[in-house]
Amino acid sequence: MYADLSPVIAATAQWLTRAYPASGGALALALTEAQARQAVTVAARLRYPTPMDVGLMGVAGPGGSARLDWITGVDGDGDGAADAWRTWVDEVVASWAVSLLADPELAARAVRALTEGGTPVDYRRLLTPDDGDRRAAALLRHPDLVAPVAVLHRAELLAVVA
């Protein structure tokens, strides 16, 4: 039985960094990837809070990136085998993740909801990005640029963190 969210987190974070690329060189890319991964991790854990939810998603599949690709104009490599990772992208998780990256207050509420009664995890790059983080992920954190993806499932996210 599918027991963890790592394929969904990895694929969705990769999709985000391709759709909203880093501004700068290798360090900027690493900072953007870290921020995307933290946001996607929070979003995925909120979306699939129980082992049963994770198991059901593993059976049904996360849905893939086709609609997100169409909305953002992102194209695959054109090679079916090279694009196989896109089948693990979760549209809802991507929508929630960009909502968190674009709205610091919402991100703080989401992390609080996630860690309520448990051990807090360090989500510093998501919650308190420094200037370097902001510069590196300028496209990924820009509310207007991510709005077409964020609006897809924002209402559900707001209900979960209410």
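Which pattern does the protein chain follow when it is read along the sequence? The pattern is α-α-α-α-α-α-α-α-α, with nine helices and zero strands. Helices (H or I, at least four residues) and strands (E, at least two) are DSSP runs, numbered from the N terminus.

Before selecting anything, note that this is a predicted model, in which local features need pLDDT of at least 70, side-chain atom pairs count only at pLDDT 80 or more, and totals for chains, interfaces and linings use all residues. Residues are numbered from 1 along each chain as its sequence is written, and side-chain values use heavy atoms, with hydrogens and water left out.

**The whole chain**

Display the C-alpha trace of the protein chain, which spans about 40 × 40 × 25 Å along its principal axes. The radius of gyration, taken over C-alpha atoms, is compared with a globule rule of 2.2 Å times the number of residues to the power 0.38. The protein chain has 15 Å, which agrees with the value near 15 Å for a compact globule of 162 residues.

Next, colour by burial: buried means under 20% relative accessible area, exposed over 50%, and partly exposed in between (1.4 Å probe, protein chains only). Buried residues make up 44% of the 162 residues. Contact means heavy atoms within 4.5 Å. Of the contacts with a separation of 6 or more, 80% join residues 24 or more positions apart.

**The nonpolar core**

Select Trp15, Leu16, Tyr20, Val42, Leu100 and Leu126. Of the 46 residues in the largest nonpolar core, these touch the most other members. Such a core is a set of buried Ala, Val, Leu, Ile, Met, Phe, Trp, Tyr and Cys residues joined through side-chain atoms within 4.5 Å. The helices α1 (6–19), α2 (26–47), α3 (51–60), α5 (91–102), α6 (104–115) and α9 (143–161) each supply at least two residues of this core. Which helix gives the largest share of this core? That helix is α5, with eight residues. In soluble globular proteins, nonpolar side chains tend to be buried together.

Centre the view on Tyr20. Not counting residues up to four places away in sequence, Tyr20 touches several residues, including Trp15, Thr32, Val98 and Leu145.

Then select Ala36, which lies in helix α2. Is Ala36 buried or exposed? Ala36 counts as buried because its relative accessibility is 0%. Ala36 and Tyr20 are 16 residues apart in sequence and 9.9 Å apart in space, C-alpha to C-alpha. Beyond the neighbours within four places in sequence, Ala36 is in contact with Ala13, Leu16, Thr17, Leu101 and Leu140.

Move to Pro49, in the loop between α2 and α3. With a relative accessible area of 55%, Pro49 is exposed.

Finally, select Arg124 in helix α7 (residues 124–127). Arg124 counts as partly exposed, at 32% relative accessibility. Leaving aside neighbours within four places in sequence, Arg124 is in contact with Gln38, Pro129, Asp130 and Asp133. The C-alpha atoms of Arg124 and Gly61, 63 residues apart along the chain, are separated by 30 Å.
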